[in-house]
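Let's take a walk through this model together. Keep your viewer open and your selection tool ready.

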Amino acid sequence: MLKSIHVVTLFPDWFEHFKTLGLTGRAISEGKVELRCFDPREHASGVHRSVDDRPYGGGPGMVMRPEPLALAIEAARGDPPAVVSALTPQGRRIDQQSIARLAAREQLVLVCGRYEGIDQRVIDALVDEEWSIGDYVLSGGEPAAAVLIDAVVRQLPGVLGHDQSAGEDSFAAGLLDHPHYTRPDCWRRRAVPEVLLSGDHDRIARWRRAQALHRTRRLRPDLHSAAPAEPMDQAVLEEFPEEFLPPALYPEDKSE
Ligand code: 4FV
């Protein structure tokens with residue numbers, strides 16, 4: 001199970017606040033997981049201690065120099081070396097299944113690129129795998145590393161109020177989540193589905209499963225066709241054949 005996350009980044013400050021906030025912050029403060037940053041600039045030599053340089057072959061922008069980055073990666077991966085993961089647009093797309101696998105490792109070593117990217121020889125020599133959070137270009141790997149860290153840490157036992165909820169997450173069952181509601185039961189003339197006020201928890205569970213199925217088929221047919229069916233699905237779709245779509249607004253005088 002995951003104990004430590006080492007991040008190789010030119011912006012350790014980027015994580016200073018991140019590692020104190022929310023579920024990730026609490027998991028770190030409770031010692032459930034450690035987050036340490038390794039800055040290539042600390043391994044840069046020469047008067048300017050530069051960590052980037054112009055690209056061979058010309059073109060815009062700068063590239064991260066190999067040596068300072070390699071030394072920071074070697075410091076972060078330890079001995080025997082842990083698996084080194086880089087966040088890049090070339091990486092495999094992160095999903096809930098890969099998050100669950102990453103959360104099962106003892107240690108994560110996450111390399112964050114900046115500028116146009118990392119000298120490819122460092123990736124060839126020291127990076128074991130690449131992950132992407134999506135087909136768009138960030139100005140740095142740090143936001144992607146934060147996404148991965150947030151998704152992994154909430155998988156750890158005891159991080160989410162009660163362990164059951166990590167397994168109930170969207171995507172954990174391959175479906176989108178059912179809609180959520182809280183007080184008041186009428187907000188701006190919009191009601192909460194009656195079933196949720198019924199106290200009949202089995203019926204509520206069936207309704208939620210039905211909504212997750214309906215909503216996934218409508219919004220993510222790719223997920224819907226790939227999602228493992230559950231024995232109850234036929235029955236819940238007969239009981240709740242329609243997706244709960246917002247009903248008409250309450251007449252004026254009923255509003256909050
Ligand atoms: C990225 C992504 C990403 C590319 C150049 C950092 C940037 C810069 N990382 N998923 N999409 N990285 O855009 O993970 O160095």
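A salt bridge here is a side-chain nitrogen of Lys or Arg within 4 Å of a carboxyl oxygen of Asp or Glu. The model you are looking at is predicted, and it holds 14 salt bridges.

**Stop 1: R105 and E129**

Select R105 and E129 and show their side chains. The two form a salt bridge, with 2.9 Å between the closest N and O atoms. R105 sits in the loop between α4 and β6, while E129 belongs to strand β7 (residues 129-132), so this pair ties together parts that are 24 residues apart in sequence. Are these two residues buried or partly exposed? R105 is partly exposed, at 22% relative accessible area. E129 has 17% relative accessibility and counts as buried, because buried means under 20%.

**Stop 2: helices α8 and α10**

Next, select residues 201-219 for α8 and residues 233-239 for α10. Which side chains meet in a salt bridge here? Look for E239 and R206, at 2.5 Å from N to O. E239 lies in α10 and R206 in α8, so the pair ties together parts that are 33 residues apart in sequence. E239 is partly exposed, with a relative accessible area of 33%, and R206 is also partly exposed, at 26%.

D233 is in α10 and R209 in α8, so here the linked parts are 24 residues apart in sequence. D233 counts as buried, at 8% relative accessibility, and R209 is buried too, at 10%.

Before moving on, select R26, E30 and K32: salt bridges that share partners join these residues into one network.

**Stop 3: the nonpolar cores**

Switch to nonpolar side chains. The largest nonpolar core has 26 residues, and those with the most contacts inside it are I5, L87, L108, L110, L148, I149 and V152.

Centre the view on L108. Leaving aside residues up to four places away in sequence, L108 touches L2, S4, I5, H6, L102, L148 and V152. Apart from this core lies another, of 21 residues, with F38, V109, V122 and L126 among them.

**Stop 4: helix α4**

Select S98, I99, L102 and A103, the buried residues of α4. Turn the model to look down the helix axis: these buried residues fall within an arc of 140°, so they line one face of the helix. What covers them? The cover includes β5 (84-93), β6, β7 and α6.

**Stop 5: the ligand**

Finally, select the ligand and the residues around it. How many residues surround the ligand? There are 18, and the closest are Y115, I133, G134, Y136 and L138.

- Y115: a polar backbone atom is 3.2 Å from an oxygen atom of the ligand.
- G134: a polar backbone atom is 3.1 Å from a nitrogen atom of the ligand.
- Y136: a backbone N or O atom lies 2.9 Å from a nitrogen atom of the ligand.

Notes
Residues numbered from 1 in each chain as written. Predicted model: local features only at pLDDT ≥ 70, side-chain atom pairs only at ≥ 80, totals over all residues. Heavy atoms only, no water. Core = buried A, V, L, I, M, F, W, Y, C linked by side-chain atoms within 4.5 Å. Buried < 20%, exposed > 50% of the residue type's maximum accessible area, 1.4 Å probe, protein only. Contact = heavy atoms within 4.5 Å. Helix = DSSP H or I, 4+ residues; strand = E, 2+ residues; numbered from the N terminus. Arc of directions from axis to C-beta. Near = heavy atom within 4 Å. Polar contact = N/O pair within 3.5 Å; in protein donor to acceptor, adjacent residues only side chain to side chain.
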